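Hello,

Here is the structure I promised to pass on to you. Have a look at it first, and then read my notes below.

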Amino acid sequence: MAFPTTERERERRRIVIMCLPFFVLATFAGFVPLIVMARMSLSAENLENAGWSFAAWEALVTEPVYREIAWNTLWFATAATVVSVALGVVISHVLEKYSLPFENVLVAVVSFPIALPGIVVAFMAIVLLGRQGLVTNAVAVFTGSSAIDLASATSVFGLFLGYVYSLVPRATMVLRGTYAEVDTRAEEAARSLGATPFETFYHVTLPEIRPGIVAAFILTFRSALAIFGTVLILQALAVVTLRIDYEIGVGFNTQIAGAIGLVYALFLIAFTFVGLRFVSNKTVEI
Amino acid sequence: MTDYYTDSKAEAETGSKELRSGTESKWTSARRSASERIGRPTLVWIVYLVVAILVVPILMTFISSFASTATGVLPRGFVTFEHWRHVLGFGDYGVRANAIPGLTFSVLVATGGMILNVIIGIPIAYALSRYDFAAHNWVNTLAILPIVPGVILGIAFLRTYPDYRGSALVLIVGYCLLKSPYMVLTVQSSFQSIDIVKLEESARSLGASWPRAFLTIIVPHAKRGILAGCIITWTLAAAEFNFTYMVHTGDPEPFSMFLFRNISNAPYLQSAAAISIYFSIVVCAILILQLLGNRGFTTLNDDR
Amino acid sequence: MSTVRLESIRKVYGEEVAVDGVDLEIRDGETLGIVGPSGCGKTTTLRTIAGFETPTDGRVTFDGTDVTHVPPEKRNVGLVFQSYALFETKTVRKNVTFGLKMRDVSKTERRKRADELLELLDIADLADRNPATLSGGQQQRVGLARALAIEPHVLLLDEPMTGLDAELKLRLRDEIGSLLDELDVTALYVTHDQEEAMAMCDRIAVLNDGRVEQVGTAESIYRQPTNEFVATFVGTSNLLTGVARDDRIDLGFTELADDMRTTGEVTVAARPEDFSLGGPVDATVLETTYLGQRKDLQVELPDGSTITMQVDGDADYRAGDVVGVEIDPENVQIFPTGIRERTTALL
C-alpha cells in the first residue's frame, strides 16, 4: 500500500486518509475516555484509578434504587419520544401537504429549540408552567384556584413538557427529510381512485414514511436519554443523567458514576446499532 | 384562510377537485369525507398549538428582558435596558453577573471546536459520500450520531485527562466530537446535491492531483454545506451545557455556566436577559442558515 | 494526438466480469464509437482508458507507451460527460483554463488558448458567465472546450448528447463531428444511440457482454454484421432459420443461394428493406405502422414466422391483405445457428 499501482489501491488509501482525522478524534475523545471510565468503575479508590474492586457493580445490581432509576429513565424517555414523534408526523405532514401561510417562518420556529441547551428549555417550562407561568395563571383564572397550587413546572408533568419541547423539533426535522422524498404521484393516484385523505395517508403515505418514523424514533429516543440540563433545573424525576451528577456531587462516588455511565453508553450504542438495522442510513438526518 | 378547505397543494394542481364537484354518478359524491371536513382542520390546529407552545415562552422571555417589574403574570414597565446592561456587565452591581468574559471564552472555544470540525468532518463526509467500502454503514453511523451523551463524556474526560480539566483544549475537543454529526450531515447533504464523482474525475483528467482536485474543486462546491455546518456546530457549542457542566472549573466561566447560574439563582428578569443574549445568537444563526438554503436550524438543505 | 490501444483488457469486480478480453485500437485522428446495450462494458472501457479503472488483466498503451498503471491526472486524457460536470464555482473561462493551470502554463497563454477555443466553439460571449446559468447545449460546449484545452492524447466522450432535446442533438452532432475532424482529434465516443454513433464516428465497435462483437465502419456494421447480435442490435433485422445443404439454403418458403458453403442449421438476417412486394411468396399482413415517408408491415410468412418489411408510405395495405413477398438475396447475412444463444441471453 505504500506505493499503490492500481486505481483501486489508491482509492483504498484515500478512504483511509479521509477517515483518519475523525477516527483520531473519536479515539482520543471517545473510545479512550470510555475505556478509562470502565476502569474507573472497577477502581478501589474514588479519586484515581488504583486497585480493583467490584463494589460499584455490586451496588448497581443489588441496590433497588438503581433499578428504579433505570425504570424511570426508560418509561419517561419512551413516553416523551412517542408523543414527540407523533407530533412530528403531524407537523411535517401539515408543512409538506398543506399550504400554510408563512411556512418558512414556521419551519424556522419549529427548528429553533434544537439550538437550545437543556437548561434554557427548563426555563421555558417555567415560563409556561411556573408560579408566574402563562398557562398556570390562565388555568387559575378559569378555575379560580391559586396559581401557586397549580404551578407544575417542577412536577413530572413540567419535566415531560420540557422533554417534549426539546424532542419535537428533532423528530420533526428527521421526518421532514422523509416527507420530502414521498412520491406525491402515488398519493395523487390514490386520491383519483377515490381514497379519502385519511385513507390515502394510511395506505400510501404511511408505508412510505415508516422508515423515517423508525429513524425519528431512534434519534429522538437517544436525545431523550441524553437530556440532563432540563432535569437538573426542574429536579422532578430521578433519571440516569441526574443520578450520575448526584453520585459525583454527593460523596464523589466516581466508581458508581463510571459504572452507570458505562452501562448507559453501551446501552445507547447497542440500541442505535440494533435500531438502525431496520432502516437505511439515508433516513437518519437531523 | 379562503382556501382553508381546499385540499393539498398537489391536489389543487391536478384539479381533481373539479372531478369531485362535477356531475354526480355512482362513484362520484359531492360530499366531503370526514377526514377532509374534520381531519385537516384538526391537524392544522395541532400544529398551531405546538408552534405556540414552542414560541410563546421564547417571545415571553425576550420581551420580559426589557420589562422593569415581573411581580404579576405579565411583565410590566417597558422599555428598560437595565437587565441587558446588567448581564452584559455595564450594570452597577456585582461584576459576577457579567456575561462578557464567559461569552468571549465560549466564543473562542466554540470557534476552535468549529475549526476542528471542519478538519475532521469534511474528509469523512467526503469518504462516506464518495466511496463505498466494507464498513461503510458502521462508519456512517458512528459519524452521524454522537457516540455518548455529554454528561457521560464529561465524567470520562475528568478521569482520562485530569490535568486538563476545564481547559480550552478539553472543551474544544469535547465540543468537536459532540457536535461533529451536524457538520458531517450538512456537508454530506451538500455532496449529495452535486455529482462529486464526475467533478473529481473531470479535475483529475485535466491534470489535477487527487488532493488538489479535492481542495480546489470538491471543497468549494460544498461551501454552502460547510458554512451551514460551521454555523450549527458553532451555535450549539457556544451554549453546550451538559459536557461543560462536568468538566468546567469556573475560571474562566463558560457562557453556558453563566446561563445556568442565572437560571437557577438570579431574579426572573435578569435570567430572561441572560437567555435572550443566546436567543439573539440563535436568531442570527437561523437567518444565515436561511440564506444558505436551510429553512431552519437543521442540517436539511431545501435546495437540493 | 495519439493511437490508443487496448490489449486483452479484462475487468472483474468481485464475481462479475465487466470487460472480458477487449482488444481495440483507436487510430490517430479517428473517432471510434462504442455502442452496446447497457451493462455491456462500454463505460468501463472508457474509464479504463481514462485511468479511473485499472484493468484486472491486459494493457493500455498510448502511442506504444504502456500507461496501464499511470494515474488519470498524468495521462493527458480529455473527458466529456453526459452530466457536463462543469466547475460551478468558476467562470466558463476558468473552467477551460483549469487544465492548463495544472500544467503551469502562464496566465496570458492560458487566457489566449481558452479564448481561441471558446471562439472556435462559438461561445466566446459566455466566457465570464457561471456555467450553472447556461443551457444544456452551451454547457456541453464548455465541457468540450475544457477537455480540448489540454490537447489530450485522446478525447473520451461518455454519452455527451444524452439528455439534450432532439433538435439540438442533431445540430450539435454535426458541429462536434466536423470539429473533431477539423482538429484531427483522436476520440472515443461512447453512446447507446447507434444512429448518433453512425453519424459521428469513423469506425464503430459493437460491445456486448464485455466483449467486442464487431469493429468496422458504420456501413460494414450495418450491411455486413458478423453475427446475430450485431445484426439485431444495429438497426432492425428479421432473423429467419434455414437449413443449408449443397450450396443452397432452404428457408421453408423460399431458397437462397449460398456461396459460403455452410452446412446444417443457419440463421439468415434480413433487413426490412431487403424484402420487396410482388414476389412469389404469399404472406398475410398482420399489422401496419404508418411512419410518414414509409410504412412498416408485419407480415406472416407461409411457415408461420413473422417479419417486418418496409413499403412506401402511400402504399395502401391493411391487416388481413395477402401480399406477394420476395427476399433480396444480395444483402442478407448468413450465420451458423448457435451464436444466438450467447447473444440473446442478454437481450
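Between chain C and chain A, 6 residues of chain C are in contact with 5 residues of chain A, where contact means that the C-beta atoms of two residues, placed from the backbone, lie within 7 Å. On the side of chain C that touches chain A there are 2 nonpolar, 3 polar and 1 charged residues. Here Ala, Val, Leu, Ile, Met, Phe, Trp, Tyr, Cys and Pro count as nonpolar, Asp, Glu, Lys and Arg as charged, and the others, Gly among them, as polar.

Please keep in mind that this is a predicted model, in which local features need pLDDT of at least 70 and side-chain atom pairs count only at pLDDT 80 or more, while totals for chains, interfaces and linings use all residues. Residues are numbered from 1 along each chain as its sequence is written, and chains are lettered from A and ligands numbered from 1 in the order in which they are written.

The contact between chain B and chain A takes 88 residues from chain B and 86 residues from chain A. Which helix gives the most to the side of chain B that touches chain A? That is helix α3 (residues 34-64) of chain B, with 17 residues; helices (H or I, at least four residues) and strands (E, at least two) are DSSP runs, numbered from the N terminus. By class, this side of chain B has 58 nonpolar, 22 polar and 8 charged residues.

As for confidence, chain B has an average pLDDT of 83, and 85% of its residues score at least 70; pLDDT is the predictor's confidence in each residue, from 0 to 100. Residues 1-22 of chain B have a pLDDT below 50, and this stretch has 25 contacts in the model beyond near neighbours in sequence.

Next, the records. An unreviewed UniProt entry annotates residues 103-290 of chain B as "domain: ABC transmembrane type-1"; positions are given in the numbering used here, feature names are shortened, and annotations may be inferred rather than shown by experiment. In the model, that span of chain B is 81% helix and 0% strand, with its end C-alpha atoms 25 Å apart. For chain A, the UniProt annotation "domain: ABC transmembrane type-1" (unreviewed entry) covers residues 70-275, a span that is 80% helix and 0% strand, with end C-alpha atoms 20 Å apart.

Now some helix pairs. In chain C, the axes of helix α2 (residues 92-102) and helix α4 (residues 136-148) come within 7 Å and cross at roughly 30°. Axes are lines fitted to C-alpha atoms, for helices over the stretch in contact, and angles run from 0 to 180 degrees between N-to-C directions. α2(C) and α4(C) are therefore roughly parallel to each other (angles under 35 degrees count as roughly parallel, over 145 as roughly antiparallel, 65 to 115 as roughly perpendicular and the rest as oblique). The residues in this contact include C:V92 and C:F98 of α2(C) and C:V142 of α4(C).

In chain A, the axes of α10(A) and helix α13 (residues 254-276) come within 10 Å and cross at roughly 170°, so these two helices, α10(A) and α13(A), are roughly antiparallel. Among the residues making this contact are A:I218 of α10(A) and A:L268 of α13(A). By class, the contact of α10(A) with α13(A) has 4 nonpolar, 2 polar and 1 charged residues.

Enjoy exploring!
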